[in-house]
Protein chains: 2
Amino acid sequence: VTRSGASALIIGNEVLSAKVKDSNGPLLIERLRARGIALELMLMVPDEVDAIVEALVMARAKSRWVVTSGGIGPTHDDVTVRAVALALNRRVVQHPQMLELLREAFGSTSIPASALRIAEAPEGSRLIGSPNLKYPVLAVDDIFLLPGVPELFALQLQAVLETLPGEPVVSRAVFLDAFEHEIAPALDAAALSEPDVEIGSYPTFDPKAGYRVKVTVEHLSKERVNATMNRLVKSLPESKVVRLEDER
Amino acid sequence: VTRSGASALIIGNEVLSAKVKDSNGPLLIERLRARGIALELMLMVPDEVDAIVEALVMARAKSRWVVTSGGIGPTHDDVTVRAVALALNRRVVQHPQMLELLREAFGSTSIPASALRIAEAPEGSRLIGSPNLKYPVLAVDDIFLLPGVPELFALQLQAVLETLPGEPVVSRAVFLDAFEHEIAPALDAAALSEPDVEIGSYPTFDPKAGYRVKVTVEHLSKERVNATMNRLVKSLPESKVVRLEDER
């Protein structure tokens with residue numbers, strides 16, 4: 001395990017029950033990809049402390065970084081801070097810097113108890129600020145606790161990704177007029193001879209697509225991608241190749 | 001744990017790496033909801049036996065039914081059958097009925113080895129047929145192994161859901177012109193007095209939305225939904241209520 005990738009936790013009864021269509025998961029997938037960070041696991045769990053703790057344990061065992069979406073806020077179903085604290089065996093404390101931000105927001109009036117909950121954080125948390133953010137991102141160890149509201153999630157995710165190292169993956173695709181089982185031996189041979197190059201095979205049943213299978217080759221090295229793709233294409237009958245894309 | 005709900009496993013490097021945008025997860029969420037079956041957990045994992053086995057163990061501990069998407073087919077990255085067999089401690093065998101279907105499809109020509117892989121199944125699997133399906137759904141215990149290709153996934157999911165019992169949930173929403181922290185005490189009180197009624201709170205930061213928070217109340221019983229919603233609305237200042245929806 002390289003432990004250089006990320007896992008994602010999408011938290012919320014509303015997404016599991018189809019009341020709200022989750023857009024944070026798809027956004028995270030796109031943004032991690034663009035940043036060159038592998039997404040290794042994504043979990044969608046309800047607003048329940050036990051479920052979140054279990055998912056966190058699994059995600060942390062798998063990935064260097066964990067991004068959570070949702071369950072941050074002042075209402076009864078906002079339990080992410082408590083769950084992260086439990087998973088890390090930390091206490092929940094009031095974060096002094098968040099308290100300060102709330103004091104500024106509420107001015108001379110006293111902060112309502114329910115708003116105070118926004119200042120709660122697992123002990124040892126740090127804040128990641130950015131000029132675009134009214135409220136900074138709460139982070140503890142390598143877990144980033146993002147709100148579920150899509151507008152806020154997007155802004156905070158950007159601030160988080162700017163702090164992470166990344167190396168973009170090179171990808172190349174070939175479109176084939178063949179059934180998947182016809183090309184399976186060639187793919188197996190390529191996968192076996194280049195075990196660290198990722199080879200994917202995606203059939204379509206859309207008659208308008210103009211091809212039957214899309215095959216992708218991926219690696220950090222452009223040279224390895226091109227060498228593998230060229231060898232793979234040569235091992236297939238020329239008449240089956242509809243279109244070979246350049247690497248990107 | 002009632003163990004009457006479902007978990008979902010979306011399997012595939014292509015969705016985690018943003019090469020393919022997953023549409024099976026969102027479809028499953030909608031269809032389970034319409035059928036009245038709670039989705040308790042969703043996991044997105046790569047095409048790796050270990051990751052799939054681990055996810056299956058977690059899903060089976062949580063839910064009565066498990067639906068998997070992807071990793072079914074003749075190529076090297078199709079490892080779902082093997083992973084399910086491992087998770088259940090079963091052997092992988094050739095399913096006689098699937099073999100028969102392949103023999104029909106290939107007619108007098110012999111079945112290629114790569115196509116034969118489609119007939120592999122965990123020992124003790126059953127097939128769920130339907131007039132709409134060319135190939136039946138592979139099921140073992142309460143795990144349904146669906147292909148990742150969206151067109152096939154949708155058809156097979158329909159066949160699966162027809163075999164499951166379901167009871168639709170009643171839902172009702174109120175839209176409020178209030179900040180979440182202002183209504184948090186009222187929501188807490190309602191959640192505390194009606195612990196089995198699900199109350200959700202969803203702020204928006206879209207100035208064109210015409211409200212600040214949407215609050216939903218859900219239960220199997222229409223009467224319980226309406227009683228809880230009426231009590232909740234009465235506990236809030238009338239001026240904060242933008243719009244109260246009928247139950248549905």
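Strand 7 of chain B (residues 137-140) and strand 6 of chain B pair in the antiparallel sense over three bridges; two strands pair if DSSP finds at least two bridges between them. Strands (E, at least two residues) and helices (H or I, at least four) are DSSP runs, numbered from the N terminus.

Helix 7 (residues 150-161) of chain B packs on the sheet and touches strand 3 (65-69), strand 6, strand 7 and strand 8 (143-146) of chain B, where contact means heavy atoms within 4.5 Å. The direction of helix 7 of chain B makes about 155° with that of strand 8 of chain B.

## The sheet across both chains

These strands belong to an open sheet of twelve strands with mixed pairing, in the order 6(A)-7(A)-8(A)-3(A)-1(A)-2(A)-2(B)-1(B)-3(B)-8(B)-7(B)-6(B). Its edge strands are strand 6 (126-128) of chain A and strand 6 (126-128) of chain B, each pairing on one side only. On average, neighbouring strands are turned by 20° against each other, direction ignored.

## Interface between the chains

The contact takes 56 residues from chain A and 55 residues from chain B. Between them, the two chains bury about 4,500 Å², 61% of it on carbon and sulfur atoms; buried area is the accessible area (1.4 Å probe) that two parts lose on being put together, summed over both. Of the area that chain A buries against chain B, A:Lys19, A:His76 and A:His181 supply 14%, more than any other three residues.

## Helix packing in chain A

The axes of helix 3 (residues 49-62) and helix 4 (residues 80-88) of chain A come within 9 Å and cross at roughly 50°. Axes are lines fitted to C-alpha atoms, for helices over the stretch in contact, and angles run from 0 to 180 degrees between N-to-C directions. Helix 3 of chain A is therefore oblique to helix 4 of chain A, since angles under 35 degrees count as roughly parallel, over 145 as roughly antiparallel, 65 to 115 as roughly perpendicular and the rest as oblique.

Helix 2 (residues 24-35) and helix 7 (residues 150-161) of chain A pack at about 20°, with their axes 11 Å apart, which means that helix 2 of chain A is roughly parallel to helix 7 of chain A.

## Basis of the values

Residues are numbered from 1 along each chain as its sequence is written, and chains are lettered from A and ligands numbered from 1 in the order in which they are written. As this is a predicted model, local features need pLDDT of at least 70, side-chain atom pairs count only at pLDDT 80 or more, and totals for chains, interfaces and linings use all residues, while side-chain values use heavy atoms, with hydrogens and water left out.
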